[in-house]
Structures are given as structure tokens and as C-alpha cells.
Amino acid sequence: MISVILACDDPYRAAESFKRAGWELVFATPSDSDDRLACVSLGDAQVMLGVDDERFLPAAARDHRGAGVEVYIRLDDGVEKVHEQHQAAGVVTQELRHAPWGEWAFNAMIEGYRFLIAQEGASGQQP
């Protein structure tokens with residue numbers, strides 16, 4: 001299993017941003033702990049939210065955090081509802097569309113990171 005840990009200014013504030021977009025909070029360490037971390041989930045995908053201190057993200061890289069990274073999440077079903085939740089939270093960067101590879105998909109930007117959220121669609125299905 002691979003767990004993605006995204007560097008954040010404040011993992012707890014970032015977790016709240018994800019929750020507003022319809023994600024679930026799986027856990028969060030105490031804010032006064034030495035390991036400030038939160039975990040959010042969408043479908044069966046989990047994303048860890050860590051700190052952007054020098055141990056994990058050097059100061060010179062902070063302006064480029066998220067550059068070249070896109071997290072792909074494939075849902076079994078419910079992409080229309082997920083799209084609506086993300087749109088209501090103001091993080092959708094693209095409408096739900098039929099992707100050339102056969103999935104219903106949309107892009108979202110949360111806390112400076114790009115997400116491609118998709119669901120396999122039946123032939124001829126409309127979102």
C-alpha cells in the first residue's frame with residue numbers, strides 16, 4: 001500500500017478544507033504532538049496531510065509545493081455527488097466530463113494540490 005503525504009502549512013486547517021469539499025476525516029494527531037498529521041478519505045482512498053517544515057519540505061521548495069503533482073482518485077460510484085460537493089466548496093477547476101479513456105472525471109484544487117477524481121462510466125451514461 002502506498003500512502004501519499006502532502007506537505008501543508010497547517011494539516012488541521014487543510015483537513016477542514018477537505019471536509020468542506022465532502023471528504024471524511026479519518027484521524028488527526030493532537031495539535032501539540034511532535035507528529036502533526038491528519039488523514040482524510042474520499043471513497044476508499046486516503047490522503048495524509050503533514051507539515052511543511054524543514055524535515056519534509058525545504059524552504060526553497062515551498063513556493064513550488066504541489067508543482068507537478070496530481071493525485072488520482074478513482075471512485076466506485078457517486079462521482080456526480082462528489083463533484084457537486086467539491087463545486088459547492090469552490091475547489092472544482094473543471095466540469096464533470098467524459099474523459100477520453102472512458103471515465104467520468106473532474107479536476108479539483110485543494111490546498112494547492114491537484115486532484116483528478118474519476119469513476120468508470122457505463123457506455124452512453126451521462127453525468
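**Buried residues and pockets**

Visitor: Why is His86 called buried?

Guide: Buried means under 20% relative accessible area. His86 has 0% relative accessibility, so His86 counts as buried. Please keep in mind that this is a predicted model.

Visitor: Where is His86 found, and what does His86 touch?

Guide: His86 is found in helix α2, which covers residues 79-88. Leaving aside residues up to four places away in sequence, His86 touches Ala21, Trp23, Leu42, Val91, Val92, Phe106, Ala108, Ile110 and Ile117. Contact means heavy atoms within 4.5 Å.

Visitor: What makes up the lining of the largest pocket?

Guide: That pocket, with a volume of about 190 Å³, is lined by 15 residues. Nearest its centre lie Ile5, Ala7, Gly50, Val51 and Phe56. Strands β1 (4-8) and β4 (45-51) each supply at least two residues of this lining, and β1 gives the largest share, three residues.

Visitor: How does the lining of the largest pocket divide by class, and what makes a residue charged?

Guide: There are eight nonpolar, two polar and five charged residues in the lining of the largest pocket. Asp, Glu, Lys and Arg count as charged.

Visitor: Which residues line the second largest pocket?

Guide: The second largest pocket has a volume of about 160 Å³. Among the residues that line it are Ile2, Asp44, Gln46, Tyr72 and Arg74. The elements giving two or more residues to this lining are β4 and β5 (70-75), with the largest share, four residues, coming from β5. By class, the lining of the second largest pocket has seven nonpolar, two polar and two charged residues.

Conventions:
Residues are numbered from 1 along each chain as its sequence is written. This is a predicted model: local features need pLDDT of at least 70, side-chain atom pairs count only at pLDDT 80 or more; totals for chains, interfaces and linings use all residues. Side-chain values use heavy atoms; hydrogens and water are left out. Buried means under 20% relative accessible area, exposed over 50%, partly exposed in between (1.4 Å probe, protein chains only). On a 1 Å grid over the protein atoms alone, a cavity is a set of points where a 1.4 Å probe fits but cannot get out, and a pocket is an open set with protein on both sides within 12 Å along at least five of seven lines; lining residues have an atom within 4 Å of a point. Grid points are joined across faces, edges and corners, and a volume is the space filled by probe spheres set on the points.
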